[in-house]
Amino acid sequence: MRSLSLLLLLGVVNFHTVHGNGEVRIKFIKYENSKGEDAKGNCCDRKFGFCKNNGCDHMFSVCLDAPGKPNDITRCQYGKFQSKPIKDSDINLFGSSIADLSNPLVFNVKTAFPAEFDFKVVVFDHDKGVFSGGNDHVDTLTQRMKTQPEKSYITKHRTTLAFKASMACSAHYYGKDCSKHCPPPSATSHYKCDVTTGQKLCLPGWTGTDCQTKEKKLCDTNPCKNGGSCVEQGGAASCKCTSQFKGAHCELSAATPAPKRGPCDSLKCSNGGLCLEVSDTEAKCVCIGDFTGSKCEIPVKAPSAKPAPSKQSKPGKTDEEVEIDEYFATPAPTAPPMEAGDTDCDTLAKSGFLYRDGVYDIKPKGSSKVIKVYCDMTTEGWTVIQRRKKGILNFSKDWQSYKNGFGEVGASEDFWLGLENIYLITKQNPAKYKLKIKIKTYDGEWLIAEYSKFSIDDESHDYRLHVSGYSGTAGDALNSYSDAGRHLHNGQRFSTPDRDKDNSKGNCARKYRSGWWFNDCLEANLNGPTLEVSPFGKPSCGDSPCMSWNTLAKYKGTPILATVMMIKPN
(Lines give C-alpha, C1' and ligand atoms only; values in the text may rest on other atoms or scores of the structure.)
Protein backbone atom coordinates (compact mmCIF):
# COMPACT_ATOMS: atom_id res chain seq x y z
CA MET A 1 0.00 0.00 0.00
CA ARG A 2 1.46 3.29 -0.97
CA SER A 3 1.54 5.93 1.81
CA LEU A 4 -0.99 8.78 1.70
CA SER A 5 0.47 12.26 2.07
CA LEU A 6 -2.13 14.89 3.09
CA LEU A 7 -1.39 18.53 2.51
CA LEU A 8 -3.16 20.70 5.09
CA LEU A 9 -3.84 24.10 3.63
CA LEU A 10 -4.12 26.83 6.27
CA GLY A 11 -5.17 30.45 5.91
CA VAL A 12 -8.09 32.64 4.97
CA VAL A 13 -9.86 31.97 1.66
CA ASN A 14 -10.91 35.08 -0.30
CA PHE A 15 -14.38 34.50 -1.77
CA HIS A 16 -15.91 36.14 -4.82
CA THR A 17 -19.34 37.73 -4.61
CA VAL A 18 -22.11 35.28 -5.59
CA HIS A 19 -25.88 35.55 -5.78
CA GLY A 20 -27.40 33.82 -2.78
CA ASN A 21 -26.68 33.20 0.87
CA GLY A 22 -23.27 31.57 0.64
CA GLU A 23 -20.90 29.14 -0.99
CA VAL A 24 -19.13 25.86 -0.21
CA ARG A 25 -15.70 25.27 -1.74
CA ILE A 26 -14.28 21.76 -2.10
CA LYS A 27 -10.56 21.56 -2.86
CA PHE A 28 -9.21 18.16 -3.89
CA ILE A 29 -5.77 17.44 -2.40
CA LYS A 30 -4.97 13.83 -3.29
CA TYR A 31 -6.74 10.73 -4.63
CA GLU A 32 -5.15 7.29 -4.25
CA ASN A 33 -6.21 4.04 -5.95
CA SER A 34 -3.18 2.13 -4.74
CA LYS A 35 -3.97 -1.19 -6.45
CA GLY A 36 -4.97 0.34 -9.76
CA GLU A 37 -8.19 -1.68 -9.82
CA ASP A 38 -11.88 -1.06 -10.43
CA ALA A 39 -14.71 -1.90 -8.01
CA LYS A 40 -14.67 -5.58 -9.18
CA GLY A 41 -10.97 -6.00 -8.49
CA ASN A 42 -9.98 -5.91 -12.16
CA CYS A 43 -7.05 -3.87 -13.33
CA CYS A 44 -8.09 -0.59 -14.89
CA ASP A 45 -6.46 -1.10 -18.28
CA ARG A 46 -6.57 -4.52 -19.97
CA LYS A 47 -5.89 -5.73 -23.48
CA PHE A 48 -6.89 -9.21 -24.66
CA GLY A 49 -7.47 -10.12 -20.99
CA PHE A 50 -4.02 -8.99 -19.83
CA CYS A 51 -3.37 -6.02 -17.44
CA LYS A 52 -1.39 -3.07 -18.69
CA ASN A 53 0.81 -1.15 -16.26
CA ASN A 54 0.11 2.37 -17.49
CA GLY A 55 -2.34 3.25 -14.62
CA CYS A 56 -6.02 4.13 -14.39
CA ASP A 57 -7.79 6.95 -16.22
CA HIS A 58 -9.82 8.38 -13.31
CA MET A 59 -12.96 10.45 -13.86
CA PHE A 60 -14.75 12.15 -10.92
CA SER A 61 -18.47 12.77 -10.51
CA VAL A 62 -18.84 15.19 -7.56
CA CYS A 63 -22.10 15.99 -5.73
CA LEU A 64 -23.09 18.24 -2.78
CA ASP A 65 -26.42 17.38 -1.17
CA ALA A 66 -28.54 18.00 1.91
CA PRO A 67 -28.14 15.20 4.48
CA GLY A 68 -30.36 12.14 4.16
CA LYS A 69 -29.34 10.00 1.18
CA PRO A 70 -25.54 9.70 1.13
CA ASN A 71 -25.45 6.93 -1.51
CA ASP A 72 -27.89 8.52 -3.96
CA ILE A 73 -25.63 10.21 -6.51
CA THR A 74 -28.66 11.37 -8.50
CA ARG A 75 -29.80 13.72 -5.72
CA CYS A 76 -27.52 16.75 -5.60
CA GLN A 77 -29.48 19.65 -4.07
CA TYR A 78 -26.59 22.12 -4.14
CA GLY A 79 -24.91 21.13 -7.42
CA LYS A 80 -22.93 18.49 -9.34
CA PHE A 81 -19.66 18.45 -11.31
CA GLN A 82 -18.32 15.87 -13.79
CA SER A 83 -14.64 15.85 -14.74
CA LYS A 84 -12.91 14.50 -17.80
CA PRO A 85 -10.42 11.64 -17.29
CA ILE A 86 -6.97 12.06 -15.82
CA LYS A 87 -4.96 9.58 -17.84
CA ASP A 88 -2.52 6.87 -16.78
CA SER A 89 -2.20 7.48 -13.04
CA ASP A 90 -3.33 5.45 -10.03
CA ILE A 91 -2.46 8.36 -7.70
CA ASN A 92 -3.65 11.88 -8.51
CA LEU A 93 -2.19 14.99 -6.85
CA PHE A 94 -4.30 18.09 -7.47
CA GLY A 95 -3.24 21.66 -7.99
CA SER A 96 -5.50 24.32 -9.47
CA SER A 97 -7.53 21.86 -11.54
CA ILE A 98 -9.29 18.48 -11.52
CA ALA A 99 -8.76 17.51 -15.13
CA ASP A 100 -10.87 20.14 -16.94
CA LEU A 101 -12.51 21.49 -13.74
CA SER A 102 -11.20 24.35 -11.59
CA ASN A 103 -9.97 23.33 -8.15
CA PRO A 104 -11.57 24.19 -5.72
CA LEU A 105 -15.10 23.35 -6.87
CA VAL A 106 -17.56 26.11 -5.88
CA PHE A 107 -21.14 25.21 -4.89
CA ASN A 108 -23.53 28.18 -4.54
CA VAL A 109 -26.00 27.74 -1.67
CA LYS A 110 -29.01 29.99 -2.24
CA THR A 111 -30.75 29.21 1.06
CA ALA A 112 -29.73 29.28 4.69
CA PHE A 113 -26.98 26.75 5.35
CA PRO A 114 -28.19 23.42 6.81
CA ALA A 115 -26.46 22.08 9.91
CA GLU A 116 -24.72 19.44 7.75
CA PHE A 117 -23.97 18.58 4.10
CA ASP A 118 -23.51 15.22 2.33
CA PHE A 119 -20.49 15.24 0.00
CA LYS A 120 -20.51 12.42 -2.60
CA VAL A 121 -17.86 11.37 -5.12
CA VAL A 122 -18.22 8.57 -7.69
CA VAL A 123 -14.94 7.55 -9.42
CA PHE A 124 -14.84 5.81 -12.82
CA ASP A 125 -12.03 4.46 -14.96
CA HIS A 126 -12.43 5.81 -18.47
CA ASP A 127 -12.32 3.15 -21.16
CA LYS A 128 -12.71 3.59 -24.87
CA GLY A 129 -12.19 1.50 -27.94
CA VAL A 130 -13.95 -1.12 -29.96
CA PHE A 131 -13.64 -3.82 -27.34
CA SER A 132 -14.26 -1.64 -24.21
CA GLY A 133 -17.41 -2.22 -22.26
CA GLY A 134 -17.73 1.45 -21.25
CA ASN A 135 -16.41 3.26 -18.19
CA ASP A 136 -15.67 1.00 -15.20
CA HIS A 137 -16.93 1.94 -11.71
CA VAL A 138 -13.93 2.30 -9.36
CA ASP A 139 -15.39 3.53 -6.04
CA THR A 140 -18.09 5.63 -4.35
CA LEU A 141 -16.91 7.89 -1.49
CA THR A 142 -19.22 9.83 0.87
CA GLN A 143 -18.54 12.27 3.70
CA ARG A 144 -20.97 13.94 6.15
CA MET A 145 -19.70 17.50 6.77
CA LYS A 146 -20.79 19.87 9.54
CA THR A 147 -21.36 23.50 8.61
CA GLN A 148 -18.19 25.29 9.74
CA PRO A 149 -15.74 27.80 8.21
CA GLU A 150 -13.00 25.33 7.23
CA LYS A 151 -11.95 21.70 7.75
CA SER A 152 -9.77 19.07 6.06
CA TYR A 153 -11.04 15.52 5.49
CA ILE A 154 -9.75 12.07 4.46
CA THR A 155 -12.57 9.82 3.27
CA LYS A 156 -11.94 6.13 2.57
CA HIS A 157 -13.70 3.15 1.03
CA ARG A 158 -11.72 0.98 -1.42
CA THR A 159 -9.77 4.06 -2.35
CA THR A 160 -8.87 7.25 -0.49
CA LEU A 161 -9.60 10.94 -1.16
CA ALA A 162 -8.08 13.85 0.80
CA PHE A 163 -9.85 17.18 0.41
CA LYS A 164 -10.60 20.45 2.23
CA ALA A 165 -14.04 22.07 2.61
CA SER A 166 -14.45 25.83 3.12
CA MET A 167 -17.76 27.55 3.77
CA ALA A 168 -18.58 31.26 3.90
CA CYS A 169 -21.47 33.66 3.52
CA SER A 170 -21.92 35.66 0.34
CA ALA A 171 -21.52 39.40 0.44
CA HIS A 172 -24.20 41.06 2.60
CA TYR A 173 -25.26 37.75 4.25
CA TYR A 174 -24.43 37.11 7.90
CA GLY A 175 -24.88 34.68 10.79
CA LYS A 176 -23.68 31.13 11.45
CA ASP A 177 -26.01 29.79 8.74
CA CYS A 178 -25.79 32.85 6.42
CA SER A 179 -29.54 33.42 6.82
CA LYS A 180 -29.42 37.10 7.76
CA HIS A 181 -29.39 39.51 4.81
CA CYS A 182 -28.26 43.08 5.40
CA PRO A 183 -28.18 45.09 2.12
CA PRO A 184 -25.27 47.50 1.70
CA PRO A 185 -26.31 51.00 2.84
CA SER A 186 -27.22 53.39 0.02
CA ALA A 187 -26.85 57.15 -0.07
CA THR A 188 -30.28 57.47 1.55
CA SER A 189 -29.76 54.78 4.21
CA HIS A 190 -29.07 55.55 7.84
CA TYR A 191 -27.55 52.33 9.18
CA LYS A 192 -24.53 50.06 9.09
CA CYS A 193 -24.46 46.24 9.25
CA ASP A 194 -23.13 44.40 12.28
CA VAL A 195 -20.22 42.39 10.86
CA THR A 196 -21.13 39.28 12.89
CA THR A 197 -24.93 39.13 13.10
CA GLY A 198 -25.95 41.30 10.14
CA GLN A 199 -28.25 43.32 12.40
CA LYS A 200 -28.92 46.85 11.16
CA LEU A 201 -27.33 49.36 13.53
CA CYS A 202 -28.96 52.77 13.23
CA LEU A 203 -26.74 55.82 12.90
CA PRO A 204 -27.11 58.56 15.55
CA GLY A 205 -30.37 60.46 15.08
CA TRP A 206 -32.28 57.57 13.42
CA THR A 207 -34.43 54.72 14.70
CA GLY A 208 -36.90 52.04 13.54
CA THR A 209 -36.55 48.58 12.04
CA ASP A 210 -34.92 49.94 8.87
CA CYS A 211 -33.51 53.07 10.53
CA GLN A 212 -35.73 55.31 8.38
CA THR A 213 -37.46 57.13 11.25
CA LYS A 214 -35.77 60.31 12.35
CA GLU A 215 -35.49 60.53 16.13
CA LYS A 216 -37.51 63.30 17.65
CA LYS A 217 -35.25 66.03 18.91
CA LEU A 218 -35.73 67.36 22.41
CA CYS A 219 -35.71 70.91 21.11
CA ASP A 220 -38.53 70.27 18.60
CA THR A 221 -41.11 71.32 21.21
CA ASN A 222 -39.35 74.69 21.65
CA PRO A 223 -39.39 74.60 25.48
CA CYS A 224 -37.51 77.88 25.91
CA LYS A 225 -39.47 81.06 26.59
CA ASN A 226 -38.74 84.78 26.30
CA GLY A 227 -36.35 84.47 23.35
CA GLY A 228 -34.22 81.70 24.87
CA SER A 229 -32.49 79.23 22.53
CA CYS A 230 -32.68 75.45 23.02
CA VAL A 231 -29.39 73.51 23.04
CA GLU A 232 -29.13 69.71 22.87
CA GLN A 233 -26.10 67.99 24.33
CA GLY A 234 -25.51 64.49 25.62
CA GLY A 235 -29.10 63.30 25.26
CA ALA A 236 -30.60 66.24 27.18
CA ALA A 237 -31.89 69.70 26.27
CA SER A 238 -31.23 72.96 28.07
CA CYS A 239 -32.17 76.57 27.48
CA LYS A 240 -29.67 79.36 26.86
CA CYS A 241 -31.40 82.47 28.13
CA THR A 242 -30.96 86.11 27.17
CA SER A 243 -29.48 88.43 29.77
CA GLN A 244 -32.97 89.55 30.92
CA PHE A 245 -34.23 86.07 31.90
CA LYS A 246 -33.19 82.95 33.78
CA GLY A 247 -34.60 79.60 34.90
CA ALA A 248 -34.79 76.15 33.33
CA HIS A 249 -37.05 77.50 30.54
CA CYS A 250 -36.04 81.18 30.75
CA GLU A 251 -39.37 81.78 32.45
CA LEU A 252 -38.03 83.96 35.29
CA SER A 253 -36.89 87.54 35.25
CA ALA A 254 -33.16 87.93 35.80
CA ALA A 255 -33.81 90.68 38.36
CA THR A 256 -32.63 89.51 41.76
CA PRO A 257 -35.70 88.79 43.94
CA ALA A 258 -35.95 90.03 47.48
CA PRO A 259 -34.33 87.53 49.83
CA LYS A 260 -36.76 85.13 51.45
CA ARG A 261 -37.02 85.74 55.19
CA GLY A 262 -36.98 82.76 57.52
CA PRO A 263 -37.10 82.19 61.28
CA CYS A 264 -33.30 82.46 61.55
CA ASP A 265 -33.50 86.10 60.43
CA SER A 266 -34.99 87.04 63.79
CA LEU A 267 -33.03 84.56 65.97
CA LYS A 268 -29.47 85.65 66.72
CA CYS A 269 -27.24 82.96 68.25
CA SER A 270 -24.41 84.18 70.50
CA ASN A 271 -20.84 82.91 70.98
CA GLY A 272 -20.48 81.33 67.53
CA GLY A 273 -23.71 79.32 67.76
CA LEU A 274 -25.40 78.27 64.52
CA CYS A 275 -29.08 78.86 63.78
CA LEU A 276 -31.02 75.77 62.60
CA GLU A 277 -34.42 76.20 60.93
CA VAL A 278 -36.70 73.48 62.31
CA SER A 279 -39.68 74.53 60.17
CA ASP A 280 -40.82 77.51 58.13
CA THR A 281 -41.71 79.37 61.33
CA GLU A 282 -39.47 77.86 64.02
CA ALA A 283 -35.69 77.92 64.57
CA LYS A 284 -33.24 76.96 67.29
CA CYS A 285 -29.60 77.59 68.11
CA VAL A 286 -26.98 74.83 67.95
CA CYS A 287 -24.27 75.84 70.43
CA ILE A 288 -20.57 75.10 70.06
CA GLY A 289 -17.79 75.18 72.63
CA ASP A 290 -18.60 75.80 76.30
CA PHE A 291 -21.94 77.59 75.87
CA THR A 292 -25.60 76.64 76.22
CA GLY A 293 -29.00 78.31 76.45
CA SER A 294 -31.69 79.11 73.86
CA LYS A 295 -29.32 81.61 72.25
CA CYS A 296 -26.00 80.05 73.38
CA GLU A 297 -25.64 82.96 75.79
CA ILE A 298 -24.88 80.95 78.96
CA PRO A 299 -21.30 79.71 79.60
CA VAL A 300 -21.11 76.12 80.85
CA LYS A 301 -18.19 77.07 83.07
CA ALA A 302 -16.55 80.36 83.70
CA PRO A 303 -13.68 80.74 81.30
CA SER A 304 -10.30 81.47 82.83
CA ALA A 305 -9.20 85.00 82.24
CA LYS A 306 -6.45 85.18 79.71
CA PRO A 307 -5.42 87.77 77.21
CA ALA A 308 -6.83 87.53 73.73
CA PRO A 309 -4.36 85.86 71.40
CA SER A 310 -2.39 88.25 69.32
CA LYS A 311 -3.28 87.96 65.68
CA GLN A 312 0.40 88.65 64.97
CA SER A 313 1.41 85.54 67.00
CA LYS A 314 1.37 83.44 63.82
CA PRO A 315 4.07 84.79 61.58
CA GLY A 316 3.36 84.98 57.88
CA LYS A 317 -0.48 85.09 58.25
CA THR A 318 -2.87 88.00 57.89
CA ASP A 319 -5.52 88.88 60.46
CA GLU A 320 -8.18 87.36 58.21
CA GLU A 321 -6.24 84.08 57.90
CA VAL A 322 -5.81 83.89 61.68
CA GLU A 323 -9.57 84.39 62.18
CA ILE A 324 -10.31 81.59 59.66
CA ASP A 325 -7.85 79.26 61.44
CA GLU A 326 -9.49 79.99 64.80
CA TYR A 327 -12.98 79.41 63.33
CA PHE A 328 -12.14 76.00 61.94
CA ALA A 329 -10.21 75.05 65.09
CA THR A 330 -13.52 75.26 66.94
CA PRO A 331 -15.00 71.78 67.48
CA ALA A 332 -17.68 70.88 64.89
CA PRO A 333 -21.22 70.87 66.26
CA THR A 334 -22.89 67.60 67.04
CA ALA A 335 -25.61 66.95 64.46
CA PRO A 336 -29.08 67.20 66.04
CA PRO A 337 -31.66 64.45 65.54
CA MET A 338 -32.57 64.14 61.88
CA GLU A 339 -35.40 66.42 60.83
CA ALA A 340 -38.04 65.67 58.17
CA GLY A 341 -36.48 68.24 55.86
CA ASP A 342 -32.98 66.70 55.86
CA THR A 343 -33.25 65.28 52.31
CA ASP A 344 -29.62 65.74 51.23
CA CYS A 345 -26.44 67.59 52.23
CA ASP A 346 -27.67 70.77 50.56
CA THR A 347 -30.67 71.02 52.91
CA LEU A 348 -28.35 70.40 55.89
CA ALA A 349 -26.00 73.16 54.72
CA LYS A 350 -28.91 75.57 54.49
CA SER A 351 -30.05 74.49 57.96
CA GLY A 352 -26.91 75.67 59.72
CA PHE A 353 -24.19 73.12 59.05
CA LEU A 354 -22.36 75.00 56.30
CA TYR A 355 -18.56 74.59 56.58
CA ARG A 356 -18.94 71.54 58.85
CA ASP A 357 -17.85 68.51 56.76
CA GLY A 358 -18.87 65.14 58.19
CA VAL A 359 -21.15 62.10 58.19
CA TYR A 360 -24.87 62.88 58.47
CA ASP A 361 -28.18 61.03 58.28
CA ILE A 362 -30.63 62.08 55.54
CA LYS A 363 -34.06 60.86 54.45
CA PRO A 364 -34.98 61.69 50.82
CA LYS A 365 -38.52 62.84 50.06
CA GLY A 366 -40.97 60.00 49.45
CA SER A 367 -38.59 57.44 50.95
CA SER A 368 -38.77 55.62 54.28
CA LYS A 369 -35.05 54.86 54.15
CA VAL A 370 -32.52 56.76 56.28
CA ILE A 371 -29.19 57.06 54.44
CA LYS A 372 -25.83 57.75 56.07
CA VAL A 373 -23.89 60.13 53.80
CA TYR A 374 -20.69 62.15 53.84
CA CYS A 375 -21.36 65.87 53.28
CA ASP A 376 -18.77 68.18 51.76
CA MET A 377 -19.99 71.35 53.46
CA THR A 378 -16.88 73.39 52.68
CA THR A 379 -18.11 73.61 49.08
CA GLU A 380 -21.69 74.34 50.11
CA GLY A 381 -23.52 71.08 50.70
CA TRP A 382 -22.40 68.43 48.21
CA THR A 383 -23.44 64.79 48.86
CA VAL A 384 -20.43 62.54 48.12
CA ILE A 385 -21.47 59.38 46.19
CA GLN A 386 -17.99 57.96 45.48
CA ARG A 387 -14.47 58.43 46.82
CA ARG A 388 -11.24 56.76 45.65
CA LYS A 389 -8.34 57.94 47.77
CA LYS A 390 -6.39 55.10 49.39
CA GLY A 391 -6.67 52.58 46.56
CA ILE A 392 -7.05 49.68 49.00
CA LEU A 393 -10.77 48.89 48.59
CA ASN A 394 -11.55 46.49 45.72
CA PHE A 395 -14.24 47.96 43.43
CA SER A 396 -14.73 44.73 41.41
CA LYS A 397 -18.05 43.95 43.16
CA ASP A 398 -21.29 42.20 42.22
CA TRP A 399 -24.63 43.84 41.40
CA GLN A 400 -25.98 43.65 44.95
CA SER A 401 -22.89 45.41 46.35
CA TYR A 402 -23.14 48.25 43.83
CA LYS A 403 -26.87 48.54 44.50
CA ASN A 404 -26.55 48.82 48.32
CA GLY A 405 -23.13 50.50 48.49
CA PHE A 406 -19.85 49.39 50.04
CA GLY A 407 -16.88 50.77 51.94
CA GLU A 408 -16.95 53.07 54.97
CA VAL A 409 -18.60 56.46 54.41
CA GLY A 410 -16.13 59.04 55.67
CA ALA A 411 -13.68 61.81 54.88
CA SER A 412 -10.63 59.65 54.19
CA GLU A 413 -12.09 56.26 53.28
CA ASP A 414 -12.85 54.76 49.86
CA PHE A 415 -16.56 54.03 49.38
CA TRP A 416 -19.47 53.75 46.93
CA LEU A 417 -22.73 55.18 48.27
CA GLY A 418 -24.95 52.71 46.39
CA LEU A 419 -27.05 52.99 43.21
CA GLU A 420 -30.34 52.71 45.08
CA ASN A 421 -29.33 55.52 47.46
CA ILE A 422 -28.21 57.72 44.55
CA TYR A 423 -31.52 57.05 42.80
CA LEU A 424 -33.56 57.94 45.92
CA ILE A 425 -31.69 61.23 46.28
CA THR A 426 -31.83 62.34 42.63
CA LYS A 427 -35.43 61.23 42.01
CA GLN A 428 -36.55 64.02 44.38
CA ASN A 429 -36.03 66.32 41.40
CA PRO A 430 -34.32 64.55 38.45
CA ALA A 431 -33.99 67.73 36.39
CA LYS A 432 -32.29 69.81 39.08
CA TYR A 433 -29.40 67.73 40.44
CA LYS A 434 -25.88 68.35 39.21
CA LEU A 435 -22.74 66.20 39.36
CA LYS A 436 -19.18 67.25 40.13
CA ILE A 437 -16.23 64.92 39.53
CA LYS A 438 -12.77 65.71 40.90
CA ILE A 439 -9.89 63.76 39.30
CA LYS A 440 -6.30 63.65 40.57
CA THR A 441 -3.76 62.93 37.82
CA TYR A 442 -0.56 60.94 38.26
CA ASP A 443 1.51 64.13 38.79
CA GLY A 444 -0.85 65.48 41.50
CA GLU A 445 -2.96 67.94 39.44
CA TRP A 446 -6.69 68.06 40.29
CA LEU A 447 -9.04 68.46 37.30
CA ILE A 448 -12.81 69.02 37.37
CA ALA A 449 -15.73 67.73 35.28
CA GLU A 450 -19.07 69.27 36.30
CA TYR A 451 -22.47 68.44 34.77
CA SER A 452 -25.49 70.72 35.30
CA LYS A 453 -27.96 67.79 34.98
CA PHE A 454 -27.55 64.36 36.55
CA SER A 455 -29.93 61.53 37.48
CA ILE A 456 -30.26 57.75 37.22
CA ASP A 457 -33.30 55.51 36.67
CA ASP A 458 -34.53 52.89 39.14
CA GLU A 459 -33.37 49.27 39.32
CA SER A 460 -36.06 48.01 36.92
CA HIS A 461 -34.30 50.12 34.27
CA ASP A 462 -30.82 49.03 35.47
CA TYR A 463 -30.04 52.48 36.94
CA ARG A 464 -29.65 54.03 33.46
CA LEU A 465 -27.45 57.18 33.46
CA HIS A 466 -28.69 60.66 32.40
CA VAL A 467 -26.03 63.38 32.43
CA SER A 468 -25.51 66.58 30.42
CA GLY A 469 -24.38 70.20 30.59
CA TYR A 470 -20.60 69.71 30.91
CA SER A 471 -18.15 72.35 32.07
CA GLY A 472 -14.67 72.07 33.57
CA THR A 473 -11.05 71.13 32.87
CA ALA A 474 -11.16 67.30 32.62
CA GLY A 475 -13.09 66.96 29.35
CA ASP A 476 -16.54 65.47 28.76
CA ALA A 477 -15.74 61.73 28.87
CA LEU A 478 -19.33 60.73 29.73
CA ASN A 479 -20.69 62.23 26.49
CA SER A 480 -17.76 61.51 24.18
CA TYR A 481 -18.73 60.26 20.71
CA SER A 482 -15.36 58.56 20.16
CA ASP A 483 -15.37 55.49 17.93
CA ALA A 484 -18.70 56.44 16.30
CA GLY A 485 -20.45 56.76 19.66
CA ARG A 486 -19.58 53.22 20.81
CA HIS A 487 -18.01 54.66 23.99
CA LEU A 488 -20.86 57.04 24.90
CA HIS A 489 -21.76 56.52 28.58
CA ASN A 490 -24.77 58.84 28.80
CA GLY A 491 -27.98 56.83 28.41
CA GLN A 492 -26.30 53.49 29.26
CA ARG A 493 -27.40 50.93 31.84
CA PHE A 494 -25.18 50.00 34.78
CA SER A 495 -23.20 46.75 34.44
CA THR A 496 -21.33 44.60 36.96
CA PRO A 497 -19.20 41.47 36.40
CA ASP A 498 -22.20 39.27 37.32
CA ARG A 499 -24.86 41.34 35.48
CA ASP A 500 -23.85 42.31 31.94
CA LYS A 501 -25.99 45.16 30.57
CA ASP A 502 -23.51 46.78 28.16
CA ASN A 503 -23.59 46.86 24.32
CA SER A 504 -20.43 44.81 23.86
CA LYS A 505 -20.21 41.24 22.59
CA GLY A 506 -18.24 40.45 25.75
CA ASN A 507 -18.58 41.61 29.37
CA CYS A 508 -16.99 45.04 29.84
CA ALA A 509 -17.45 45.00 33.63
CA ARG A 510 -15.62 41.69 33.91
CA LYS A 511 -12.89 42.81 31.49
CA TYR A 512 -12.30 46.14 33.29
CA ARG A 513 -12.96 44.72 36.81
CA SER A 514 -15.55 47.21 38.04
CA GLY A 515 -19.15 48.33 37.94
CA TRP A 516 -19.93 51.27 35.60
CA TRP A 517 -22.23 52.60 32.89
CA PHE A 518 -20.38 50.75 30.12
CA ASN A 519 -21.28 50.97 26.44
CA ASP A 520 -18.87 49.09 24.09
CA CYS A 521 -16.78 49.54 26.20
CA LEU A 522 -15.59 52.82 27.71
CA GLU A 523 -14.28 56.34 27.59
CA ALA A 524 -14.32 56.60 31.40
CA ASN A 525 -14.18 54.14 34.29
CA LEU A 526 -13.79 55.81 37.69
CA ASN A 527 -14.47 52.50 39.49
CA GLY A 528 -11.61 50.66 37.78
CA PRO A 529 -8.59 49.21 39.64
CA THR A 530 -5.96 51.58 41.00
CA LEU A 531 -2.44 51.15 39.61
CA GLU A 532 0.84 51.89 41.32
CA VAL A 533 2.57 54.80 39.58
CA SER A 534 6.29 54.56 38.93
CA PRO A 535 8.31 57.72 39.68
CA PHE A 536 10.21 57.21 36.44
CA GLY A 537 8.69 58.48 33.20
CA LYS A 538 5.07 58.96 32.19
CA PRO A 539 2.91 56.06 33.47
CA SER A 540 0.37 54.29 31.27
CA CYS A 541 -2.54 51.93 31.86
CA GLY A 542 -1.45 49.95 28.78
CA ASP A 543 -3.54 46.80 28.46
CA SER A 544 -4.32 46.75 32.20
CA PRO A 545 -7.75 47.87 33.48
CA CYS A 546 -7.43 51.00 35.60
CA MET A 547 -9.27 54.11 36.81
CA SER A 548 -9.54 56.15 33.63
CA TRP A 549 -10.99 59.33 32.12
CA ASN A 550 -9.90 59.43 28.48
CA THR A 551 -10.53 63.12 27.80
CA LEU A 552 -7.71 64.36 30.06
CA ALA A 553 -5.72 65.77 27.11
CA LYS A 554 -2.04 65.35 28.04
CA TYR A 555 -3.00 62.74 30.67
CA LYS A 556 -4.97 60.48 28.26
CA GLY A 557 -4.20 56.80 28.82
CA THR A 558 -2.52 57.45 32.17
CA PRO A 559 -3.79 56.04 35.49
CA ILE A 560 -5.78 58.24 37.88
CA LEU A 561 -4.61 58.50 41.51
CA ALA A 562 -7.84 59.62 43.21
CA THR A 563 -11.43 60.63 42.44
CA VAL A 564 -14.43 62.16 44.19
CA MET A 565 -17.98 62.12 42.75
CA MET A 566 -20.60 64.31 44.46
CA ILE A 567 -24.07 65.69 43.75
CA LYS A 568 -26.29 68.59 44.86
CA PRO A 569 -29.34 70.45 43.58
CA ASN A 570 -28.80 73.33 41.15
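**Entry 1: a strand pairing**

I looked up cysteine 63 and found that its bridge partner in S10 is lysine 120. I then checked the two strands around this pair. Strand S4 covers residues 58–65 and strand S10 covers residues 116–125. They run antiparallel and are joined by 8 bridges. I noted the rules for these terms. Strands (E, at least two residues) and helices (H or I, at least four) are DSSP runs, numbered from the N terminus. Two strands count as paired if DSSP finds at least two bridges between them. Strands of a sheet pair through backbone hydrogen bonds, either parallel or antiparallel.

I noted what I am looking at: this is a predicted model, where local features need pLDDT of at least 70, side-chain atom pairs count only at pLDDT 80 or more, and totals for chains, interfaces and linings use all residues. Residues are numbered from 1 along each chain as its sequence is written, and side-chain values use heavy atoms, with hydrogens and water left out.

**Entry 2: the sheet**

Which order do the strands take? I read S5-S4-S10-S11, an open sheet of 4 strands with antiparallel pairing. The edge strands are S5 (80–82) and S11 (136–146), and each pairs on one side only. Neighbouring strands here are turned by 10 degrees against each other on average, direction ignored. The axes behind that angle are lines fitted to C-alpha atoms, and angles run from 0 to 180 degrees between N-to-C directions.

**Entry 3: salt bridges**

How many salt bridges does the structure hold? I found 17. Each one is a side-chain nitrogen of Lys or Arg within 4 Å of a carboxyl oxygen of Asp or Glu.

I took aspartate 346 and lysine 350 to begin with. Their closest N and O atoms are 3.2 Å apart. Both sit in helix H2 (residues 345–353), and because they are 4 residues apart, about one helical turn separates them. Is aspartate 346 buried or exposed? Aspartate 346 is buried at 8% relative accessibility, while lysine 350 is exposed at 65%. Buried means under 20% relative accessible area, exposed over 50%, and partly exposed in between (1.4 Å probe, protein chains only).

Next I looked at aspartate 361 and lysine 372, which meet in a salt bridge (3.2 Å, N to O). Aspartate 361 is in strand S28 (residues 358–362) and lysine 372 is in strand S29 (residues 371–376), 11 residues apart. Aspartate 361 is partly exposed, at 32%.

Then I turned to arginine 499 and aspartate 462, with closest N and O atoms 3.3 Å apart. Both lie in loops, and the pair ties together parts that are 37 residues apart in sequence. Arginine 499 is partly exposed at 26%, but aspartate 462 is buried at 6%.

**Entry 4: glycine 407**

I found glycine 407 in strand S31 (residues 406–407). Glycine 407 is partly exposed, at 46%. What does glycine 407 touch? Not counting residues up to four places away in sequence, I listed Leu393, Asp414 and Phe415. Contact means heavy atoms within 4.5 Å.

**Entry 5: the cores**

The largest nonpolar core has 53 residues. Trp416, Leu435 and Trp549 are among those with the most contacts inside it. A nonpolar core is a set of buried Ala, Val, Leu, Ile, Met, Phe, Trp, Tyr and Cys residues joined through side-chain atoms within 4.5 Å. Leaving aside neighbours within four places in sequence, tryptophan 549 is in contact with residues including Ile437, Tyr451 and Leu478. Apart from this core lies another, of 29 residues, among them Val24, Phe28, Tyr78 and Phe163.
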